[in-house]
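My entries are kept in the order I made them.

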Amino acid sequence: MDAATLTYDTLRFGEFEDFPETSEPVWVLGTQFSALTEKDEILSDITSRLWFTYRKSFLPIGGTGPTSDTGWGCMLRCGQMILGQALVCRHLGRDWRWVRGQRQREEYVSILNAFIDKKDCYYSIHQIAQMGVGEGKSIGQWYGPNTVAQVLKKLAVFDSWSRMAVHVAMDNTVVIEEIKISLCAPCAGAGCSEAAAPREMNGCLEGACAMAEEETALWRPLVLLIPLRLGLTDINEAYIETLKQCFMMPQSLGVIGGKPNSAHYFIGFVGEELIYLDPHTTQPAVEPSEDGQVPDDSYHCQHPPCRMDICELDPSIAAGFFCKTEDDFDDWCARIRKMSCSRGSLPMFELVDSQPSHLINFSDSDRLERFFDSEDEEFEILSL
């Protein structure tokens, strides 16, 4: 069987390599573990992350389109995973844990409902695929990390319950002024004037829990996605330590990217290996019950996580961070500046106070067009 089409459906549980016995620290989305004494805690943490994979037998996308995303939707699923982690941090907290068979909190059910494979769910494969048409991607076409980031940014505007500000930093540059003044201020950004009344989605009441908090909030929770290229055909080794440090930050949402023929959601590292969730298994579409509850076992990876050598990573990625408060963002900026000053590593992007003069004359559409053109070329080999 071609490795590009290999899925978990063809493997037995026993074929997954167990987590290594090593004295080196294990980092998962900003949390440090010991592989020698905390293996159960590591697996519990990883199992608690939302795991979105290929699905089949859902309603046709666009009414007449595909009923499965097998073979083309892996980067879209990775985008769902990184945004799903942001929603978990937003509504449940980083330390929340999923327990199989246990009745879950209403916030968790609402998060999961947002990703069900139906056209009326905020972040469904249907919504992502159809929104991508506006970005020049036909339904069923491969997405690169930047494309899926841009689509998620547009879809988040309609999520009146979470009210997160999604920012995609272009040109390897994060501009503090753009975020603090133009995006995360309580009345900044698209959708801030939308009606705040609770609404119902797939049987789950939204908005009511968050309204009092949001009305007085001085900061809109930030999802920061940074598309990057860390080399030409292979990752430049000078970036490896910097990439590792990103997984060590408490604001980390992980990285979406891949290797030839695969897209993965990278959530941490141990030694010189990246830890990731792999969307390349096809499961039946899930139908919520009338009360909005979702059979959720298939949305959590319950086997040891996958690992790969960091040098195998394709150089085109998108790194994600979540800053629930302005203090979180200030702390993130301080960590990035400290990291930029450290010896032996190369900064992956630039952090500046205001828009650099060489970018002021470029419109957003110009910047996106230049990035999309290069992204299409870079990701030709990542077809599945």
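I am working on a predicted model, where local features need pLDDT of at least 70, side-chain atom pairs count only at pLDDT 80 or more, and totals for chains, interfaces and linings use all residues. Residues are numbered from 1 along each chain as its sequence is written, and side-chain values use heavy atoms, with hydrogens and water left out.

**Entry: E1.** I took strands as DSSP runs (E, at least two residues), numbered from the N terminus. I counted two strands as paired if DSSP finds at least two bridges between them. I looked up E1 (residues 25–28) and found it antiparallel to E2 (residues 31–34), with four bridges joining them. Val26 sits opposite Phe33 in E2. The hairpin of E1 and E2 has two residues between the strands, and there Leu29 has a positive phi near 45°. I then checked E10 (residues 262–270). E10 also runs antiparallel to E1, through three bridges. Trp27 faces Phe269 of E10 as its opposite residue.

**Entry: partners of E8.** I found E4 (residues 165–168) parallel to E8, over four bridges. His167 stands opposite Leu224 in E8. E14 (residues 316–323) pairs with E8 in the antiparallel sense, over eight bridges. Here I noted Leu228 opposite Ile317 of E14.
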